[in-house]
Amino acid sequence: MLETQKAIQKKIRLPLLALFLIVGFLLFRLFMPDNAAAQESPEYQKLKQIAKDYCSDPTSTDSRCLKSFEDLKNSGNSKSSHFQKLQATAQEQFGIIGEYTSEDFDAMQYLTTWNFNNLPQEERKKLYKESRLPDGKTLREYWIFAEDKEIEIAPGVFFPAWTYNGQVPAPTIRATEGDRIRIHFTNKGTKPHTMHFHGIHNASMDGAMTEDFVYPGKSFTYEFEAEPFGVHLFHCHSVPIKQHISKGLYGAYIVDPKNDTRIKPDRELVMVMNAFDTNFDEENEVYAVNSKAFYYALNPIKVKKDELIRIYLINIVEFDPINSFHLHATFFDEYRTGTRLEPNAYTDIVSMVQGERSIIDVRFKYSGMYMFHAHVSEFTELGWMGFFEVVE
Amino acid sequence: METTEKQNKLKLWVSALLPVFLLIILLFVFLKFGPLGVFKSSVPPIEVAFIQRVAFSPEHITLEVFNDGPEPVTIAQVMVNGAYWKFDMEQSKTLNPLEKGKIDIFYPWLDGDFEKITLISRNGVTFEKEIEVATLTPTFNFFYFKTFVLLGIYVGVIPVLLGLLWFPFLKMLRGRWYMFLLSLTIGLLVFLGFDALSESMGLIGSLPQAFNGIGILVIGFLLAVLTLSAVSYETQHYTKDKGEHYQALIWGYLIALGIGLHNLGEGLAIGSAYAVGEIALGSLLVIGFMVHNVTEGVAIVAPLTRAHKQIGNFLLHLVMMGLLAGIPTILGALVGGFSYSAVLGVFFLAIGAGAIFDVAFDIINQMAKGNWLSIFTVTNVLGFLTGLLIMYATGFLVLG
């Protein structure tokens, strides 16, 4: 009996040993190469460097390093110069990465462009014509077309937009109170579109009812008198409206007063606050003023100290109930909707729901870099932020 | 005679290779001359990327991204908690299908906070990853090594060895009570098997689709069942002469192995959850696991209670079984903590489930001795249900 037992023991010991060895070998074979690679990878080296940078004693082992990090965190003491260096690195990394690559929409030029005044005379004539009517009034004719186009809204991020004349926001339409406006609109897109103007006009020119929809390949001519004076907007009113707006069909419509008693501004800027829902979940991923996230942060708007700057500000952001404009280190006059010649407020922040707009008159008292952004911090950090560079 | 054989062989080969050959021609024609205008994709490219792992170091976050879609994905921007943040990507920002990439972000993350990371592709498609509780990710150092080894010992080795201590009590059971004990063991095993299966399935959700998690599960599960069955069938003639005690010993080891594999998977899951901050390993949770796993020790010794006298060096065997069941937890916790991949989790849990079900079936088969209805005595059924209930009840201690 004892013999058999011993025999069994012997027989079972070997397979067991083998089993342990095999399992152990397999496990190490499976996992060790990864770890070895991780130790040599640039990422590991970088992490090691970070740990070293952080530690007050660069020769300390990793674990002591991490422990002192935790001690620091727990004590709320972040005065260590190494940790501050790391913090500074992290702070500097805020914002987008890369550069805008598409050239077809110049957000800097857009600020000061209306009635196609950025185009050479020959090209401009094809899209805009000014003439005098028999009754002495000015007739302003525009050729606007709707078009599907991919636009760059953050460096490397492209949005399949619906546009007027291939740009978002649309070309700015600007007239003087009492002018006649005639818009030859052609739909070169793939969905029915319209041009619905905020202003005073006949119902047949409203571009909002089903019978007003201009189907792909079709045209329509809108005609109305420019009134009232102020800063207005136009946008597509086809259904679903939120889709047609969030896809990019909107633009600025400015009507200047006939008898302006205000001081003439030295510089005029058009700013349309907009946003893009890139994954179509009815939440915006990118916020901006004039479509390009952080564009005026990367390329500050240059202005002069003490000059009068007039901003035509429009909010068209879809999906979010409110948006705002806040300017640093100065205050400004706000003319709500621009329809009175006296300012409504002297402030540094304007809040707007969708479709709301204002004229802002501002002067900078000091030179330097001044930030402007939505005082909805969420929007700011998703692209709606820029700078004025004020020079002497 | 020989020529016909040769001809037959040729025929065999031709008949085997002909379809492959034709398929190659078809593929060639298809690629060369196009699919006759039918299968041209007209929908926009479907971009799919998957954030597999997030590692936190001071003021710094590292992501592992995997492209599990059919199209290349270009990561254009990165959002952390709803704010754009600059990032660095090894090599190219474009990931080809099945390609893995690393993204480095310097970001002032907060210890213990919820962090949400969103990648935006060139076409505006977003890929998100949420981390419930951000904590410093362990790097290779002695402190974390110690943590995970101790974790494995507490959760795996100690409870199993504790369970084995019931042996003196269990061996005194006779007749019906012995059958009750065996049934209870089966109950424990079946519960554990389903537990491993469901954990494996749960992990599938965290795998990129391209990995086909259910395939890994099926392969792992059947691999275990079939391998163990084949081994026991092939060695049948050998074990038959050795008597019942030998069979019991093998059961003991098989159960230990199955539980070991289960614990390996469990260790992987605990280690990784701890490392990525999904659970806080309070002492209560560890104690819960300990009590829960004590039952595993009982399952191992139960079939040995009658055979211990015939087996030499019995104590050594018991310890070996305990270690076989427990030590994989340490390995799992270490691997899970330092370089976790859900693929391993799914695979090992499935193997564990297969091994456990296999041995449970073996014991039932032995109890039945060819007459299957004879096992459904009141004692056996009660024993089985008690086993399930013990597992269920101790499971409440593990509210991770």
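This is a predicted model: local features need pLDDT of at least 70, side-chain atom pairs count only at pLDDT 80 or more; totals for chains, interfaces and linings use all residues.

**A hairpin in chain B**

Next I looked up which strand partners β2(B), residues 60–66 of chain B. The partner is β1(B), and seven bridges join the two, which run antiparallel. I noted the residue range of β1(B) as 50–57.

How many residues lie between β1(B) and β2(B) in their hairpin? I found two residues between them.

I then checked whether β1(B) is covered, and mostly it is. Six of its eight residues are buried, meaning under 20% relative accessible area.

**Chain B as a whole**

I stepped back and looked at the rest of chain B. I listed 11 helices and nine strands. Chain B has 400 residues, and buried ones make up 50% of them.

For dimensions, I noted that the C-alpha atoms of chain B fill a box of roughly 80 × 70 × 35 Å along the principal axes. The accessible surface comes to about 19300 Å², with 70% of it belonging to carbon and sulfur atoms.

I also looked at contacts in chain B with a separation of 6 or more: 77% of these are between residues 24 or more positions apart. As for charges, chain B has 22 positive and 27 negative ones, and their mean positions are 10 Å apart.

**Over to chain A**

I turned to chain A and wrote down nine helices and 20 strands. Of its 392 residues, 49% count as buried. Its accessible surface is about 18800 Å², and carbon and sulfur atoms hold 54% of that. Among contacts with a separation of 6 or more in chain A, residues 24 or more positions apart account for 69%.

**A sheet in chain A**

In what order do the six strands of the open sheet in chain A lie? I read the order as β11-β10-β13-β18-β15-β16, with mixed pairing. The edges are β11 (286–289) and β16 (345–347) of chain A, each pairing on one side only. From one strand to the next, the twist averages 25 degrees.

In chain A, β15 (residues 332–336) and β18 (residues 357–362) run antiparallel and are joined by five bridges. My last entry is a facing pair again: A:Y335 stands opposite A:I359 in β18(A).

Note on methods. Residues are numbered from 1 along each chain as its sequence is written. Chains are lettered from A and ligands numbered from 1 in the order in which they are written. Side-chain values use heavy atoms; hydrogens and water are left out. Helices (H or I, at least four residues) and strands (E, at least two) are DSSP runs, numbered from the N terminus. Buried means under 20% relative accessible area, exposed over 50%, partly exposed in between (1.4 Å probe, protein chains only). Contact means heavy atoms within 4.5 Å. Accessible areas come from the Shrake-Rupley method with a 1.4 Å probe; for residues, only the protein chains shown count as cover. Lys and Arg count as positive and Asp and Glu as negative; His and the chain ends are not counted. The place of a charge is taken as NZ of Lys, CZ of Arg, CG of Asp or CD of Glu. Two strands pair if DSSP finds at least two bridges between them. Axes are lines fitted to C-alpha atoms, for helices over the stretch in contact, and angles run from 0 to 180 degrees between N-to-C directions.
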